[in-house]
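Visitor: I would like to learn how to read a model like this one, feature by feature. Could you show me?

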Amino acid sequence: MMLHRPPVHDTTDAPRPAVAWEDTPCLLCGRDQSALLLEAPDPLPPAGSGLRFAVVRCEHCGLTYTNPRPSPRTIARFYPSDYAPHRRPRKLAQARRSRPLWSRLFGRPCGERRGDLPWPGPGRLLDFGCGGGAFLKRMADRGWTVTGLDSADETGRAVQEELGLKVLTGTLPHPDLPPCSFDVVTMWHSLEHVHRPLTVVREAFKLLVPGGKLVVATPNIESLPFYWFGASWFGLDLPRHLTHFTPTTLRTTLETAGFRVGRVQLLRHSDWLRSSAKLAVRQRTGGLASRLLTWKPAAKAVAWGCYAARMSDCMLAVAERP
Ligand SMILES: [Zn+2]
């Protein structure tokens, strides 16, 4: 079988800071046979990084991942300073208040389920990829003993200073986190950003007490929105998203690390659908249907349809350390 290694195309003439690129074998099974699934640009406005990135699928286990990819040392160049997940809690709260009343009453995007952790009463929580700290703050207010971990140290410092919460810089494994020191570890849309997801999940296993829970939310590439929008699907977010999970590959990743996995739950996410539609319009890959889906009520209705068909583009897994 031919090994496909598609190039990363630079479509700009402007000088850029040096990015180191790396090729990787499959992040789940370690084999090195993959086929190109698609190429897509960096979607961040106004024109992203000007590069196009390749997404490949492992021919052995089916895992889909970005390859080649920026090295761990240089990928920070693709995170702009105003990257939304790194925004401060105050700004997030303002954004929530500005949502229209009907949306606040009837909308329940997946982010707002984050308070419901599978643990009886307040415990010890590690939030991996804590970003601006909004979730940490909410759980601390509910009596949890919280620790945040994020690779962006400026964001972590701001969360520590503004909210007085413990935030460490780096990834897993981390020298300041002893084994069996947490009841729950959460990864809200962070596992798809890491270079070695299996290592991170194995380390989370060690950090949990027996019976402890790992909660993981990621985009789902095996979804109707991905089939519709392809390279303009919001959940790709290249090159920041390095692994593109399906319910099956997410489950296999967690089980390979030793976890017992319950049902992988699909979540409706009309905001993502709208974002994909807007991106398709901007990139001129979408037609009338995309224009229609930029309209919030239409996106909400279609997100319900995807959910009913069990083909939503956002998913949540709860895994237990036996
Ligand atoms: Zn594989």
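Guide: Gladly, starting with burial: a residue is buried if 20 or more other C-beta atoms lie within 10 Å of its own, exposed if 12 or fewer, and partly exposed in between, with C-beta atoms placed from the backbone. By that rule, 44% of the 322 residues of the chain count as buried. This is a predicted model, in which local features need pLDDT of at least 70 and side-chain atom pairs count only at pLDDT 80 or more, while totals for chains, interfaces and linings use all residues. Residues are numbered from 1 along each chain as its sequence is written.

Visitor: How many helices and strands are there in the chain?

Guide: Helices (H or I, at least four residues) and strands (E, at least two) are DSSP runs, numbered from the N terminus. The chain has 10 helices and 14 strands.

Visitor: What share of contacts joins residues at least 24 apart?

Guide: Two residues are in contact if their C-beta atoms, placed from the backbone, lie within 7 Å. Taking contacts between residues at least 6 apart in sequence, 72% join residues at least 24 apart.

Visitor: Is H8 mostly covered or mostly open, and which elements do its buried residues pack against?

Guide: Mostly covered, since 11 of the 13 residues of H8 are buried. Among them are Trp272, Leu273 and Leu279, but also Asp271, Arg274 and Lys278. After H8 comes Arg284, with a positive phi near 60°.

Visitor: How do H8 and H10 pack?

Guide: Two packed helices are described by the angle between their axes and the distance between the axes. Axes are lines fitted to C-alpha atoms, for helices over the stretch in contact, and angles run from 0 to 180 degrees between N-to-C directions. For H8 and H10 the angle is about 120° and the axes are 8 Å apart. Angles under 35 degrees count as roughly parallel, over 145 as roughly antiparallel, 65 to 115 as roughly perpendicular and the rest as oblique. H8 and H10 are therefore oblique to each other. A crossing is left-handed if the near helix is turned anticlockwise from the far one by less than a right angle, and right-handed if clockwise; that of H8 and H10 is right-handed.

Visitor: Which residues make the contact?

Guide: H8 contributes Ser270, Leu273, Arg274 and Ala277, and H10 contributes Lys296, Ala299, Lys300, Val302 and Ala303. For classes, Ala, Val, Leu, Ile, Met, Phe, Trp, Tyr, Cys and Pro count as nonpolar, Asp, Glu, Lys and Arg as charged, and the others, Gly among them, as polar. The contact of H8 with H10 has five nonpolar, one polar and three charged residues. An α-helix has 3.6 residues a turn, so residues three or four places apart point the same way.

Visitor: At what angle do H5 and H7 pack?

Guide: Helix H5 (residues 197-207) meets helix H7 (residues 247-256) at about 50°, with axes 9 Å apart. H5 and H7 are therefore oblique to each other, and H5 passes H7 in a right-handed crossing. Pro197, Leu198 and Val201 of H5 touch the H7 side through Thr253, Leu254 and Thr256. By class, this contact of H5 with H7 has four nonpolar, two polar and no charged residues.

Visitor: Where is Arg57, and is Arg57 buried or exposed?

Guide: Arg57 belongs to strand S4 (residues 51-58). With 21 other C-beta atoms within 10 Å, Arg57 is buried. Not counting residues up to four places away in sequence, Arg57 touches Ser34, Ala35, Leu37, Gly62 and Thr64.

Visitor: Which backbone details deserve a look?

Guide: Cis peptide bonds join Asn67 to Pro68, with omega about 0°, and Leu238 to Pro239, again with omega about 0°. Pro68 lies in the loop between strand S5 (64-66) and strand S6 (69-70). Another detail is Arg310, which is not a glycine but has a positive phi of about 55°. Arg310 sits in the loop between H10 and S14 and is exposed, with 11 other C-beta atoms within 10 Å.
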